[in-house]
Amino acid sequence: MKPKNSVSLFDGPIVRRALSDALKKLDPRAVAKNPVMFVVYVGSIVTTYLFLKDLFGQMGNALFTGQISLWLWFTVLFANFAEAIAEGRGKAQADTLRKAKTQSNARRLISGTEEVVAASELRKGDLVVCEAGDGIPGDGEVIEGVAAVDESAITGESAPVIRESGGDRSAVTGGTKVLSDRIVIRITQNPGESFLDRMIALVEGAQRQKTPNEIALSILLSGLTIVFLLAVVTLLPFANYSIRSAGQGAVPTIPVLVALLVCLIPTTIGGLLSAIGIAGMDRVMQHNVLAMSGKAVEAAGDINTLLLDKTGTITYGNRQAAEFAPMPGVSDREIAEAAQLSSLADETPEGRSILVLAKEKYGLSERDQSSISGADWIEFTAQTRMSGVDFSGQSVRKGAGDSVKKWVESHGGSVPPEFDAQVTRISQIGGTPLGVASGDRILGVIYLKDVVKTGMKERFDALRAMGIRTVMITGDNPLTAKSIAGEAGVDDFLAQATPEDKMQLIKKEQADGKLVAMTGDGTNDAPALAQADVGVAMNTGTQAAKEAGNMVDLDSNPTKLIEVVEIGKGLLMTRGALTTFSIANDVAKYFAIIPAMFVATFPQLQKLNFIGLSNAQSAILSAVIFNALIIVALIPLALKGVPYKPMSAAKTLRRNLLIYGVGGLIVPFPCIWVLDKMLVLLHLA
Amino acid sequence: MTPNGLFQIALFCAVLLLSVKPLGAYMARVFEGERTLLSPALSPLENGLYKLFGVSKDDDQTWVQYAFSLLAFSLVGLLLTYVFLRLQGMLPFNPQGYGARQMPADLAFNTSASFTTNTNWQSYAPDYTLSYFSNMVALAIHNWMSAAAGMAVAIALVRGIARRNANGIGNFWVDATRSILYILAPICLVYALFLVAQGVPQNFSAYTQVTTLEGTKQTLAQGPVASQEAIKMLGTNGGGFFNANSAHPFENPTPLTNLIQMLSIFLIPAALTYTFGKMVGNTKQGWALLGAMFALFIIGAGVCYNAEAAGNPLVHALGVPGGNMEGKETRFGIANSALFAVVTTDASCGAVNAMHDSFTPIGGLVPLLNILSGECIFGGVGAGLYGMLMFAILAVFIAGLMVGRTPEYIGKKIEGYEVKMAMLAVLVLAASILGFAALGANGNLPTDGKTTLAALNQFPATAYGSASDTFYGATYNNINNSGPHGLSEILYAFTSATGNNGSAFAGITANTPFYNVTLGLAMLVGRFLMIIPLLAIAGSLAKKKYTPSNKGTFPTDSGTFVAVLCGTIVIVGALTYFPVLALGPVVEHYLMNAGKTF
C-alpha cells in the first residue's frame, strides 16, 4: 500500500528547518541525552581548545588539530541533523493539524437553551449543538441526530462520513466539520486532552519516550562506549611503555587519542538511534495510523497471533452470487432469468450481485424495472425474506430456502428432494443458499458466496512466513467459518464468536507467552482491544474503542494491521542492522589508526597499514571523516528503515548479516582510502 | 605440521566429542535431582551432609540468596586458606618445615584468592614454599570447592533460562554438593588411580636425596601428587604440585597421561553444553554452543600449532631447521605442546606442559587471545558455560534485532536488564585486564630497599632459597624480557588472573607485594563481578514467561547462530584488546621477521 500523507524525505522546507534545528540541538542538555554523542561532543570541545592553543601558541600542528576538531563537530551536527529531519515531517504535519484547531466558539446547550461559549471552556459532559457548516468544538459522542461530517482535517480523506446517535458510529472528533443536518454532541474530553491535541503531541514527538528495546540498545551502546574509553585511556600507558622500551617515537597526542575514541565508539548507530525511532513512528503515521506510543509499534513487530474479523477484513462485507443450481428439468437459462427477474426489486448488494452473475455468466441482457410494464414489484423484507415480481399472471420469487419452500407449497407445488440436497451442499461449503421459484415450481438454488478479498491468501502466507498465526473471528456457524477459513488461508478460526469468546482467546494466547494484535471498532470490542498487546481501533468506531486501543486507524481499514506489523519489524531491523554495521566498521578504523599512531615507535607496524594510507595524519583524519560522513550517508536508510521482506527469521538474518555485517567490514576500507588520497591531493594532510 | 601431529589432534577431538553426550546427560540427571547409577551409593551420604549442615534440599533460592550463599561460601574458603597458609609452620604434614616466612601476607592473599577463584595462579614455586598440609587441605580443597561453585553458577543460569515464571534458580548448597559427590569425586577417584598406574607418585614422604650417575646430589620431590593432579585437570584448576606443572615427569609421566590430561580439562566444560541443552529441553541448543566453542578452539589450535611448527626464522638462519622447540618437553613435542597450550587457555585451567613464554609471537598470541575471549571457549568448569551464555545473550541481542523482533534466547526475551548485566560483566573484565596491565607497565617504584614504596616490589629471598631479597623498583622491571615481549608478559599475567586461568606466560616475577595484590584483586574481580551479573540475569530470566518460537524467531540452534556467536566473541574481544595486542605480540611478530628478538 502506498502511504498517504507522503512528503519526500528531503523536502526543501523540512531540510532548512532541520539545519537550523541541528544547531539548536548543540545545547549540552540536549546532547547529554545521548551518551555516545555526548562523548563526541566533549571530544569536539577538547580538540577545539587544543586547536586554539596550537594556533596561538605556535606549537603543535594547528592544521591537523583544527581539522580533527572540525570533523568532530560535524559528527555531532550530522547526528543532530538526522534527528531534526526525522522530526521535521511530524512538525510539518502538526502545523497542519493546528490549523484545524482554529475553531473558537461552541454552541453550548444548557437545559434546552443555547449559548455561545469559547470552545476552550467546554468541559466533559457539556452538550453542544452543531449544524451544517459548524466545526465540531471537541471530542464527543452524538446523542441526537444524524449528520455528514468532513473528517479530512484528521484523516486526509475528503469523502464525508456519517455520524449518528446510538450504535457504533457515534464518535466525533474535535476539529472536524459538520456538512449537513444538526446533531447534539456530548463532550467527552476536557480541552488539551482531545484527540487532536494528542495527535499533535504524537506527531511532533513532544512526548516521545524511549521504547524498551531502544533503552536496551542504548545500554549496549553506552557499555561499548565505556569499553572503548577504557581501551583508549589505557593505550596511553601502554604507549609509554613501548616508547620507553623501543627508545623512539612519541606518545599519541590528545587529538589523536580523541580521534581514535570517536572512531571506535558506535557513533553511527548512536547518532541515528533516535532518528530511527522517530522515523518509525512517522512511517506509521504516513499509513494514517495513529500509534499512542512507540512501544505499541515495537510490540507490533513481535506479534505472534493476529485476530482478524472476517467481515470487512478477510471477506468483502457482502455475499455475492456465485452460481445458479437448477433443479432437474430446469435449464440454466430458465433459472437465470427467474433469478434476474426476482432480483430486479432487490436493492441489497446480494440482489445486485445476482444481476451481475446473470449477465456475466449466463449472458442475459441487462434489464431494469421499467422494462416490464404493469409489474407488481415485491421488495425484500425481513418478514417475508423474499423478493420478486408478479406480472401477466406470472409470479417469481427468490429468497431464503424455507420461505421459498413455504411459498411454493402455498401455491400447491411440491418441493423436489434435490432442493434440500443443494441447500445443504451450499451451506456446507460456507455459502448462503437462496431458493428461486416460479409459481408452483421450484427452479433451483442461488449460491451466495462470502467472497474473500483478493490477495488475502498471499498476505496470510507472508504472515506465516514471518511466524505470525492469523485467527479469523466470525459470528458464522463453525461449518461456514471453516470453509471461509480454508479459502482465505488463515491458520485458525473462532466461529460464533461473542466478545467474551474473543477476550478468552486473547487471554489464552497471552498465557502461552504470545503477543496478540487485533482490530476492533465497537464498544463491545473495547475490553479485548485493551487486553490485546496491539489493539488497533477504527477511527469510525466508538469513543470507547478508540480509548481502549493503543493505535487508531484513521482510514478504518482493518487490514492495515499487517502494515503496522511490518513497520514494527522494520524498525527493529534498522536498529540491529546499523548497530552491526557500526561495530563492524571499527575493524577498518583500527587498521587505519593504530599503525599511524605507532609507526614512529615501531616502523614495522606499517605492515598493518595494508590499505596503503599515505601518512599518519592523513590516515587518522580520513578515518574521522569517514566516521562523520557515514552518518549522513545512512540518514536515508535510518529514515526509510531497512525494508522488511516476509521470509523466515533465519533467512532474514543471513541476508542482513551479509549486507550490514560483512558489508560493514569491507565498505570502510575503500572509502577511507579515497578520503586519504583526497586529503593528500588537497594538501590537507 | 606433521601428519602424526595432526592425527593426535584429531584423536583428541574425536574422544572429546564422543564423551559429550553420555556425561552431559548424566550431569543433567544429577542437577535435576533424578536417580542415577551412583544414587544408591551416594544419596545417603548426600542426605547426611544436608542434615549435618541444615540444608533443605527443596529450598529454592532467589538469585540474591543464591549469590549470597556462593559469596559466603567463597569468603569463608578464602579466609580459611589464608589462615592455613600463614600458619602452615604450626600445622602437620610439613616435612620440609616451611612456615610463614615462605608464605608472607601478600603471597598468602594472592594464593588464597587464586585458589578460591579457580584461577590457581601460583606466584610461588610450590616445591619451595608449601607444606603437604597446605597443598592438600588449604589449596586442594579449593580445587573441589571452586570447581563445584563454577558448576553451580552455570546450572543456576541454565535454570534461569529453562524455568518459566519462577522466582528461584535452585539451591546453591545442593548444586555444589551434587557437583562434588556425583561428578567430580567419582571421576577423580578413577583418574587418580590411573595416574598412579602410569607412575605418578602418591605418598607423604619427605623429599628424597639421590646421587646421580654423575655423582651430584639431587633432591627428588615427593608427595600426594596423583590425587591433586586429577582434580587439578578435571576441575580446570591448573595449580601444579610442582613448579614445572604438567611438564614435570612426576605430574605428567607418559604421552598417554598427556592425552588424558588434555581431555580431562575439556571433559566437563564440553559435556555441560549437552547438560544445558537437555535442561532447556532442546539439545540442539547445547550443540550450537559446543559448535561455537569447538570452532574457536580448533582455529586456535591450528594457528598455534602452525606457528610453532613453522618455527623461528632467526633460528633457521643459524642453520637449525624445524619448529620451535624452545621451552618444550622433548617427550611431548610441538603438536602436543601447542595443543596443550590451546586447551589449557581455552578452558580456564592454566596447567602447562610447555613454556608459553617461549612460543613464537603468534604461537603465544593464541593462548593470550583465548583467555582474552572471556574464557568461554570451553572455559572453566561451569565458568565456560556461563561465559558462553553471556556472549550468547549479547549475540542474540545484536543479531536478533536484525530479524525484526525483540531478541529472544530459548523463549526468553532479552531486554534492557539482561543487556545491562551482560555489558557490566564484559566491562569489568576489560577494566580489570587493561587497567591493571596499564598500571603494571608503568608503575614507577623506587629501588631503594629502605622505603615503603620499594617494598611494594620486593621479591623475597625465601622464594627460591636465595640469599637476599631483590628490589625491582619499577613494576615493569619484573619481566625477563624487554620490548613488546615484556608487554605481553605483563598483559598475559593480568589476563590470566582476570580470566581465572592461572597459566603464566612466565618470564615475569610476580611474587612481589605489588603483583601479588593486584593479581589477587584481578582474580576476585574476574570471578565474582562476572558471576554476580550473570546470576542476576538468571534471576531475571527465570521470572519471565516463555515465548514459543516460530519462523519469526531467530533460531539459536542453527549454524548461522554459531557463526554469529563466534563473530561476537572475536569482535568484542578483538576490538577491546586490538591496540594493546598490536603493541605486544603483533609488533613482536613483525620485529622477529625483521630480525629482532627480545
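View 1. A salt bridge here is a side-chain nitrogen of Lys or Arg within 4 Å of a carboxyl oxygen of Asp or Glu. By class, the side of chain B that touches chain A has 40 nonpolar, 15 polar and 6 charged residues. (Ala, Val, Leu, Ile, Met, Phe, Trp, Tyr, Cys and Pro count as nonpolar, Asp, Glu, Lys and Arg as charged, and the others, Gly among them, as polar.)

A word on the model: it is predicted, with local features needing pLDDT of at least 70 and side-chain atom pairs pLDDT 80 or more, while totals for chains, interfaces and linings use all residues. Residues are numbered from 1 along each chain as its sequence is written, chains are lettered from A and ligands numbered from 1 in the order written, and side-chain values use heavy atoms, leaving out hydrogens and water.

**View 2. Chain B and chain A bury about 5,200 Å² between them.** Of that area, 75% is on carbon and sulfur atoms. Buried area is the accessible area (1.4 Å probe) that two parts lose on being put together, summed over both. Look for B:M402, B:L575 and B:L583: they supply 15% of the area that chain B buries against chain A, more than any other three residues.

**View 3. Helix α3 (residues 63-86) of chain B packs with helix α6 (residues 132-162) of chain B.** Helices are DSSP runs (H or I, at least four residues), numbered from the N terminus. The angle is about 170 degrees and the axes lie 10 Å apart, the axes being lines fitted to C-alpha atoms over the stretch in contact and angles running from 0 to 180 degrees between N-to-C directions. So α3(B) and α6(B) are roughly antiparallel, the word for angles over 145 degrees. Residues in contact (heavy atoms within 4.5 Å) include B:F73 and B:G77 of α3(B) and B:H142 and B:M145 of α6(B). They divide into 15 nonpolar, 4 polar and no charged.

**View 4. A:K24 forms a salt bridge with A:D21.** Their closest N and O atoms are 3.5 Å apart. Both residues sit in helix α1 (residues 12-24) of chain A, 3 residues apart, about one turn of the helix.

Key. Helices (H or I, at least four residues) and strands (E, at least two) are DSSP runs, numbered from the N terminus. Angles under 35 degrees count as roughly parallel, over 145 as roughly antiparallel, 65 to 115 as roughly perpendicular and the rest as oblique.
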